[in-house]
Amino acid sequence: MADLSGKTALVTGAARGIGRAIAVRLAQAGADVAVCDLDASWLEETAAAIRAAGRRVETFACDVSRADQVEAGVNAVAKAWGRLDVLVNNAGITRDTFLARMSEADWDAVLNVNLKGAFLFTKAASRWMLKQRSGSIVNIASVIGIIGNAGQANYAASKGGLIALTRAVARELASRNVRANAVAPGFIRTAMTDKLPDELRNRMLSSIPLGRFGEPDDVARVVLFLASDDSAYVTGQVISVCGGMVMA
Ligand code: NDP
């Protein structure tokens, strides 16, 4: 298994779902893991699982779309632990509705969290990674950012933008051995997808060649690969974790 012994990682939106699974998986591989979410008290279960894996944990409240909170959080973690090896930009939201009904507020909210949040964290964390001459940034995009989806113009634009951001960052930071890659999940069973109507869920299931919805740990295992030196020669790539729903 990929080994992150002696490394430190930071995962955003880690109170539940995919973010929690990633944080726990990285800890089980040997990393000390810092986790943030909108409210620090929601992170207790995640923190307990990281401690149970025998690793150090830091928790902090952070709205990923707020530059002041992002900078303070990243700098506090990197100073406390002396380094920052892995950043996982996972926090994300949906505000689904058809274009004609989509408000400017729906658009701004999704772009601010899903895209601007990743920009702010990448900017703050890469300062430390550039100094270290090493680091791995993993952005949690979506297959929707590749193929689009009716009723998700804001979400698709944010995730497509996140993929473009990943590639630009990968090119910009590669000379200092800092890598950036994206994971594009398909339909993963979390609170985000639990709220979808049954009819839509059944339609989506029939479009998945592997014949099942994904679990958060299906995503976490691919993130671990990209976070670790097992992927030392991989940068600027997008790996879909979608049961074959998208083949590109
Ligand atoms: P969840 O909604 O279960 O978890 C997301 C977490 O991020 C929540 O704890 C949420 O808090 C937090 N969050 C939301 N906004 C902010 C913010 N401004 N600052 C900090 N934290 C915030 O989502 P998933 O686990 O399903 O999704 C995780 C990522 O994976 C997202 O980026 C999503 O777009 C992506 N993804 C998910 C798929 C799926 O099928 N589930 C498919 C493709 C991609 P709160 O409880 O307040 O919302």
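This is a predicted model: local features need pLDDT of at least 70, side-chain atom pairs count only at pLDDT 80 or more; totals for chains, interfaces and linings use all residues.
Figure 1. Residues are numbered from 1 along each chain as its sequence is written, and side-chain values use heavy atoms, with hydrogens and water left out.

Figure 2. An N or O atom in the side chain of T190 lies 2.5 Å from an oxygen atom of the ligand, and for the side chain of Y155 the corresponding distance to a ligand oxygen atom is 2.6 Å. At G186 a polar backbone atom is 3.3 Å from an oxygen atom of the ligand. Of the 890 Å² of accessible area that the ligand has on its own, the protein covers 92% (Shrake-Rupley method, 1.4 Å probe).

Figure 3. Seven strands (DSSP runs of E, at least two residues) form an open sheet with parallel pairing, in the order β3-β2-β1-β4-β5-β6-β7, where two strands pair if DSSP finds at least two bridges between them. Because β3 (57–61) and β7 (238–241) stand at the edges with a single partner strand each, one side of each is left without a neighbour in the sheet. Strands β1 (residues 8–12) and β4 (residues 86–89) run parallel and are joined by three bridges, with A9 standing opposite V86 in β4.

**Figure 4. Two helices packed on the sheet.** Helix α1 (residues 17–28) touches β1, β2 (32–37), β4 and β5 (135–140), and its direction makes about 170 degrees with that of β1; contact means heavy atoms within 4.5 Å, helices are DSSP runs of H or I of at least four residues, and angles run from 0 to 180 degrees between N-to-C directions of lines fitted to C-alpha atoms, for helices over the stretch in contact. Helix α4 (residues 104–132) touches β1, β2, β4, β5 and β6 (178–185), and its direction makes about 175 degrees with that of β4.

Definitions and conventions. A polar contact is a pair of N or O atoms within 3.5 Å; within protein, one must be able to donate a hydrogen and the other to accept it, and residues adjacent in sequence count only if both atoms are side-chain atoms.
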